[in-house]
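Please work through the following exercises with the sequence and the model side by side. Each task is followed by a solution that goes step by step.

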Amino acid sequence: MRIDYRWGLGNVDNIRKYAAELAALAPDVILASGTSPMAPLLQATRTVPIVFVNVADPVGAGFVDSLARPGGNATGFIQFEYSLSGKWLELLKQIAPSVTRAAVIRDAANPAGSAQFAAIQAVASPLGVEVSPIGVRDVPEIERAVTAFARSGNGGLIVSGSALAVVHRDPIIALAAWHKLPAIYYTSVFVPAGGLMSYGPNITDQFRDAADYVDRILRGEKPGDLPVQAPTKYELKINLKTAKALGLTVPDALLARADEVIE
């Protein structure tokens, strides 16, 4: 078996270039992680089977005809529905009730970034929180925006889903710690590295399920016949060491709900 891979690092030009390169190799199947590579891949090939993970809205984006019957050459696994994004703000308010302002770190170049921000905005007013977006294009942009945001009190951070958020994981966590900002992240990889809390699907499980789809396609099944699947469980993870450093007392009810607590 031969495996070729590309890592776009959230760069739109690189992703487009690498999608064309991989399609030109005429592989038996392509595995795509995230929303960003999907449109370039489907522009590059409508025949090579594509299995995706971490995609927020494949039907709305036009990647598949429907979840039950994808139809074309792509299928895979949804990261979350956009409505889940509102849950991040609810959980942030539970662990840090004093938060009245939340900066949402998002990738404005990715349609999923705008949709996640809209879902957060929808629940902000009832929770008494004012939300504002911060771009995630590069570290200087994040540093400037977070520093400016932190000058006023009662602030918190929401890191929404994007490849660039993972690329800039360590600087984001460091900024949250430096400015004493409670933060919630869309995936658990941030929490062991010092992030306060995360809420989202188990990404490792999605890749395991994707491997099963790849196997089935290599054995002759068509991606258009394999249903797109949504997560059946979302995991809450909390870093108590970070909570203590921020002067937060995690409510017992929140601790009881947590799937993992790092002490």
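**Exercise 1.** Which residues in helix 1 are buried?

Solution. The model is a predicted one, in which local features need pLDDT of at least 70 and side-chain atom pairs count only at pLDDT 80 or more, while totals for chains, interfaces and linings use all residues. Residues are numbered from 1 along each chain as its sequence is written, and side-chain values use heavy atoms, with hydrogens and water left out.

Step 1. Helices (H or I, at least four residues) and strands (E, at least two) are DSSP runs, numbered from the N terminus, and buried means under 20% relative accessible area, exposed over 50%, and partly exposed in between, with a 1.4 Å probe and protein chains only. By these cut-offs the buried residues of helix 1 are Ile15, Ala19, Leu22 and Ala23.

Step 2. These residues cover an arc of only 95 degrees around the axis, and therefore sit on the same side of helix 1, the arc being that of the directions from the helix axis to the C-beta atoms. The general rule is that an α-helix has 3.6 residues a turn, so residues three or four places apart point the same way.

Step 3. On the face turned away from the buried side of helix 1 are the exposed residues Asp13 and Ala24. The cover over the buried residues of helix 1 includes strand 1 (30–33) and helix 2 (38–44), where contact means heavy atoms within 4.5 Å.

**Exercise 2.** Find the buried residues of helix 7 and state what they pack against.

Solution. Step 1. In helix 7 (residues 169–178), Ile172, Ile173, Leu175 and Ala176 are buried. They line one face of the helix, because they fall within an arc of 160 degrees when seen down the axis of helix 7.

Step 2. The packing partners of these buried residues are strand 4 (101–106), helix 5 (139–150), strand 6 (155–159), helix 6 (163–167) and strand 7 (183–185).

Step 3. After helix 7 comes Lys180, which has a positive phi, near 55 degrees.

**Exercise 3.** Which parts of the chain does the salt bridge between Asp225 and Arg69 link?

Solution. Step 1. A salt bridge is a side-chain nitrogen of Lys or Arg within 4 Å of a carboxyl oxygen of Asp or Glu, and the side chains of Asp225 and Arg69 meet in one at 3.4 Å, N to O.

Step 2. The two residues are 156 residues apart and link distant parts of the chain, with Asp225 in the loop between helix 8 and strand 9 (235–239) and Arg69 in the loop between strand 2 (50–55) and strand 3 (74–78).

Step 3. Asp225 counts as partly exposed because its relative accessibility is 42%, whereas Arg69 is exposed, with a relative accessible area of 52%.

**Exercise 4.** Locate the loops that hold Asp259 and Lys233, and state how exposed each residue is.

Solution. Step 1. Asp259 and Lys233 form a salt bridge through their side chains (3.4 Å, N to O). This pair, 26 residues apart, also links distant parts of the chain: Asp259 is in the loop between helix 10 (252–257) and strand 10 (260–262), and Lys233 is in the loop between helix 8 and strand 9.

Step 2. Asp259 is partly exposed because its relative accessibility is 39%, and Lys233 is partly exposed as well, with a relative accessible area of 47%.
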